[in-house]
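The model comes first, followed by the notes.

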Amino acid sequence: MRTLAFLFSLALTGAALAQSPETVEDELGILNPQDTGVAMLKRKIEMGVIDSVTCSLGINATKNDDHVLARKLTRRCAEAGYTKAMTWMSQLENNGMGGDYNPDAAAEWDRLAAEAGDPVGRFNYGLDLIRGHGVAQDEALGRQYIDQAAEDGLAIAERLRNAGYDLDEVTPDSDNWKYAPLY
């Protein structure tokens with residue numbers, strides 16, 4: 001029994017010391033390519049791979065504080081028509097992550113997502129319109145977008161509508177400095 005335990009221990013030690021095979025790239029292709037992590041994500045971007053799985057990794061790049069990489073990937077995904085990427089591009093633009101703070105671009109991404117039928121895009125664009133943030137203020141049109149998002153079942157839109165469109169219901173009044181009308 002001790003011999004079996006020793007062999008098991010030895011096998012675990014060997015597994016712990018094992019290294020991943022080296023990635024080799026030559027004229028025949030890539031041997032042992034990185035299939036996880038940032039290296040894989042960068043490779044997919046370079047190869048022009050835009051699919052739902054790759055696009056879902058944009059938030060991981062943001063969470064790892066690589067906002068430039070997140071912006072590059074998210075923009076490509078948004079331009080390919082992925083509405084969740086459009087709303088994430090709005091977030092990046094609205095918070096100056098990986099680029100300059102750009103409320104006009106943020107509102108435009110929200111509008112594109114809204115027009116594509118995305119409930120979050122409708123809600124965000126409705127907020128943009130009500131606030132006049134990044135777009136000319138139009139409270140009536142903004143409420144229509146909020147109502148559409150609520151009809152789509154977006155709980156926060158229902159909450160805002162039920163609160164009589166009082167923005168303090170969904171964003172704290174401490175954000176008023178940021179969302180004051182620009183137009």
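Arginine 161 has a relative accessible area of 28% and is therefore partly exposed (buried means under 20% relative accessible area, exposed over 50%, partly exposed in between, with a 1.4 Å probe and protein chains only). This is a predicted model, in which local features need pLDDT of at least 70 and side-chain atom pairs count only at pLDDT 80 or more, while totals for chains, interfaces and linings use all residues. Residues are numbered from 1 along each chain as its sequence is written, and side-chain values use heavy atoms, with hydrogens and water left out.

**Salt bridges**

- The count is nine salt bridges, each defined as a side-chain nitrogen of Lys or Arg within 4 Å of a carboxyl oxygen of Asp or Glu.
- Arginine 161 and glutamate 151 form one of them, at 2.8 Å from N to O.
- This pair joins helix α10, which holds arginine 161, to helix α9, which holds glutamate 151, ten residues apart (helices are DSSP runs of H or I, at least four residues, numbered from the N terminus).
- Glutamate 151 is exposed, at 60% relative accessible area.
- Aspartate 152 and arginine 122 also form a salt bridge, at 2.6 Å from N to O.
- Aspartate 152 is partly exposed at 37%, whereas arginine 122 is buried at 17%.

**Network**

- A network of salt bridges links Arg71, Arg75, Glu79 and Glu93.
- Within the pair glutamate 93 and arginine 75, the closest N and O atoms are 3.4 Å apart.
- Glutamate 93 is in helix α6 (residues 83-94) and arginine 75 in helix α5, so the pair ties together parts 18 residues apart in sequence.
- Glutamate 93 is buried at 5%, and arginine 75 is partly exposed at 31%.

Terms used: Helix = DSSP H or I, 4+ residues; strand = E, 2+ residues; numbered from the N terminus.
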